[in-house]
Amino acid sequence: MASGGGIGSREGAGGARMTREQSRANTRERLLAAARSAFARSGFHGASVEEIASEAGFSTGALYSNFDGKEDLFLELMEREIDEHARELADAVRARASVAERATGGARQWMTMIDREPELLLLFMEFWAYGVRDPQVRPKVAARFAQMREVLTRLIADGVREFDLELAIPAEQLAVAIDALADGIARQKLADPDAVPDELMGTVLSLLFSAVTRPAAGTGTRSEA
């Protein structure tokens, strides 16, 4: 276990000596990995800073020298997880031939995440409930969830432009609706998997896009939905 200062070993892979900046980055990565495991296993409230630090191979001093505490650690972890999911989502919808195919691809990626990492989704829900009850924490939690809506807004705007469509409502509002649908589908799937077919979200998204899009002014017939 490292000393309370928290830098830990200054040697990297192959025994090469790391710079102070590299060592600090390595410490943060190990703490974040341990936090992900501990939070998924015990929940936000159940996981302790002592448990996280020990699992990472450091003292609690290392954790507090890199993060303000458990809440700060979780917020950074949440931001990283959302960034990763956003990249996976963007990859799932790019280079598809129609709005319907993009909706299906994005929905399939979301359902895969539910099956692959249900503990992570439960953790986000737990932290959302924690954050909205605390006026000091709420803006920080809202900022993290806004990341996903921003990604959805960009993907919607890209699709509208590429397929020469217009939206009946602003892309930002449609992103809110899709984000809410995804969260609701996840809750239902986690609670009663048999009640939620894997293709349900893709079907609903395709219908939603068909209802809120129309050919852009000056274009011909409706683009394939």
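1. E81 is buried, at a relative accessible area of 13%. This value comes from a predicted model, as do the others below. The cut-off for buried is under 20% relative accessible area, so E81 falls on the buried side of that limit.

2. The partner of E81 in a salt bridge is R36, with 2.5 Å between the closest N and O atoms. Helix α4 holds E81 and helix α1 holds R36, so the contact ties together parts 45 residues apart in sequence. R36 has 28% relative accessibility and therefore counts as partly exposed.

3. A salt bridge also joins R144 to E79, where the closest N and O atoms are 3.5 Å apart. Here the linked parts of the chain are distant: R144 sits in helix α7 (residues 138-162) and E79 in helix α4, 65 residues apart. R144 counts as buried at 17% relative accessibility, whereas E79, at 34%, counts as partly exposed.

4. Salt bridges with shared partners connect R36, E81, E88, R116 and E117 in one network. The pair in point 2, R36 and E81, belongs to this network.

5. E29 and R80 meet through their side chains in a salt bridge of 2.9 Å, N to O. E29 is in helix α1 (residues 20-46) and R80 in helix α4 (residues 70-93), so far apart in the chain that 51 residues separate them. Both ends are partly exposed: E29 has 38% relative accessibility and R80 has 33%.

6. For the model as a whole, the count is 16 salt bridges. The pairs described above are among them, including E29 with R80.

Terms used. Residues numbered from 1 in each chain as written. Predicted model: local features only at pLDDT ≥ 70, side-chain atom pairs only at ≥ 80, totals over all residues. Heavy atoms only, no water. Salt bridge = Lys/Arg side-chain N within 4 Å of Asp/Glu carboxyl O. Helix = DSSP H or I, 4+ residues; strand = E, 2+ residues; numbered from the N terminus. Buried < 20%, exposed > 50% of the residue type's maximum accessible area, 1.4 Å probe, protein only.
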